[in-house]
Amino acid sequence: MKRQSIYILLFALLTYFGVAAQQLSSPDGDVIMEFSLNSDGTPVYQIAFKDEIAVKTSNLGFTLKESENLDSGFTLVDSETSAFDDTWKPVWGEESEIRNHYNELLVRLKQESTQRSMNIRFRAFNEGIGFRYEFPEQPNLGHFIIEDEKTQFAMTGDHTAFWIPGDYDTQEYDYTESRLSEIRGLMEESITENLSQNPFSSTGVQTSLMIKTDEGLYINIHEAALIDFSVLHLELDDKNMVFNAWLTPDVQGIKPYMIAPANTPWRTVMVSDDARDILASRIIYNLNEPCALEDTSWIKPVKYVGVWWEMITGKSSWAYTNDFKAVKLGVTDYSKAKPNGTHAANNKRVKELIDFAVLHGFDGVLVEGWNVGWEDWYGHSKDYVFDFVTPYPDFNVDEIQAYAKSKGVEMIMHHETSSSVRNYERHLDEAYQFMKDHGYNAVKSGYVGDILPRGENHYSQWMINHYQYAIEKAADYEIMVNAHEAVRPTGIARTYPNLIGNESARGTEYQAFGGSKPNHVTVLPFTRLIGGPMDYTPGIFEMDISKLNPNNNSHVNSTIANQLALYVTMYSPLQMAADLPENYNKFLDAFQFIKDVAVDWDKSVYLEAEPGSYITIARKAKGSNNWFVGNVNGKEARESKISLNFLDIGKKYIAAIYADAKDANYKTNPQAYTIKKMKVTSKSKLSLSSVEGGGYAISIIEE
């Protein structure tokens, strides 16, 4: 039976067994969503792409705590369709303009037994579908508590997925590639150690979830505009291949508390037969509200260096002294403590980094471990752990700021909360004011460890509201935020572009904690980066960590060429050259690419893509005619063949190509690379080799 015939049959069944289906098509007609009510009034939907079913008939709705559920017994009151096509300009981004083009279907439902109303709004884009639930103001629904979300994503078969374990507290896992049916058997080994973790199911996985069917469809499930709600996970019914929504509970096991009128976040399903379309999609941003800030002139992309990698590797320490077993802020006397000699955030070292930034044209310097309390910061469920304003004796805030200002370098603040969230909120105004008083315009915040109040989860509704509060409060002080260990982004940066970056995934630091899979960076753009940029902290040139710390035998599973390519493939307006200056000085010819590469873009072109295997992206630097290309390669060596037809016709360019050497090997010979320059035009075609865990980077400068 032909696919189109199958689709017509399913449509007929929907019509026969329930309310006639409401159909919504994407502007190009390739994506079709159908909504209907089953015979018992259960709302259902399905999605097809080019006449091939992507999501089979799937239920919608909620069960409520101590109230009649909102998952069946509905009748269709009415529906309306509309279309929207507009272009908006992001403050920063992968392109200077984003088209927001969709068709919309709004269905208004009423539950006869309770006389309650629930609306579902669907939007069809060329790359997929977004939908959310809306609860209008009404007499029979004021305060209510969601017990479970009944949204389903029914798969058509035992597809291949790129997944990490469902967890209420962390996304810092390596991705596993497997069949859906294999998730249960692989779950235990996929749950690697983390300082705070709470996996919930043997088949639970996190969004953004990347899937590929045997027929060649790419499907991505995520959420957008996560505001005042719990994080969406997915639990797989592996007998029927159906993903069920699973919301993160709070300390009491409660899921979202709601007050009508209210909306849920958008649930998103991207689908295409070309993996590049998933990378290029802006559905997540487009489902968020426009920028809420009147003045955004103070928000600027940043390329920075800092005191971080030497501490992550164990070469240096965050703590100033080894004298104290426990610290009480305001009581412990640091003036009498003996310095341990390994504290990295000291005046001398930070001035060296400022000088390095000036020499090589970097915008900023991040300093971690500058404030008192690091001797006793983790593992004791400690409330008053940091005050965010008191420096160690060897770090003079005023002196460093004056030195940086004289050199034209911005200092970046660090706020590790140790997940004592109540403490951070108590100090937030004072901490932000301290930053402004001392010229700091950006902060890297952290949420390492179990949340205080005790028992809360990193991804519960209460914590989602905290992250949002911190972003909005920072905007009041004109401060940019780079939040680590926070919730993975869902496009909020469109509304609050001072959220200039997040970690919220397994970043470069894990290369110093035993290493990540060599193809990890070929998966992240299809998963974590779907919702917003990541502060991945690339640019490691010394892969043997024992050379920094003899007690750490970790290895960075990457070649130098791969590390260079990350500045293009791992999009972020906040990019760190993470290695030590001493290591860059050994490879200044390769370091030139990090110096040259832009952090803000006018245009992005996705040249090659296959999740877990390879990604090649070309980007045009903001306000110039210079292009940069990055290729990261995953599981096996391959020949990458690309056309430069994205260049302006008739113009000439000089390309500097940084590539894996023939004998490069991410494990045994990662520092083997070649650099060659050549003249290119829009007619040029390149064929370049990338080894496993390798890649290449190209700067293309107009003559």
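In this predicted model, L64 stands opposite I146 in β10.

- Strand β5 pairs with strand β10, which covers residues 143-149, in the antiparallel sense, and the two are joined over three bridges.
- β5 and β10 belong to an open sheet of three strands, ordered β5-β10-β19, in which the pairing is antiparallel.
- The edges are held by β5 (62-64) and β19 (257-259), and because each of them has a single partner strand, one side of each is left without a neighbour in the sheet.
- From one strand to the next, the twist averages 50 degrees.

**The helix pair**
- Helix α6, spanning residues 347-360, and helix α7, spanning residues 397-407, have axes that come within 10 Å and cross at roughly 15 degrees.
- Because angles under 35 degrees count as roughly parallel, α6 is described as roughly parallel to α7.
- The crossing of α6 and α7 is right-handed.

**Residues between the helices**
- On the α6 side, the residues that meet α7 are N347, V350, K351, I354, D355 and V358, while α7 contributes E399, I400, Y403, A404 and K407.
- Sorted by class, the contact of α6 with α7 comprises six nonpolar residues, one polar residue and four charged residues.

Methods. Residues are numbered from 1 along each chain as its sequence is written. This is a predicted model: local features need pLDDT of at least 70, side-chain atom pairs count only at pLDDT 80 or more; totals for chains, interfaces and linings use all residues. Side-chain values use heavy atoms; hydrogens and water are left out. Axes are lines fitted to C-alpha atoms, for helices over the stretch in contact, and angles run from 0 to 180 degrees between N-to-C directions. Helices (H or I, at least four residues) and strands (E, at least two) are DSSP runs, numbered from the N terminus. Angles under 35 degrees count as roughly parallel, over 145 as roughly antiparallel, 65 to 115 as roughly perpendicular and the rest as oblique. A crossing is left-handed if the near helix is turned anticlockwise from the far one by less than a right angle, and right-handed if clockwise. Contact means heavy atoms within 4.5 Å. Ala, Val, Leu, Ile, Met, Phe, Trp, Tyr, Cys and Pro count as nonpolar, Asp, Glu, Lys and Arg as charged, and the others, Gly among them, as polar. Two strands pair if DSSP finds at least two bridges between them.
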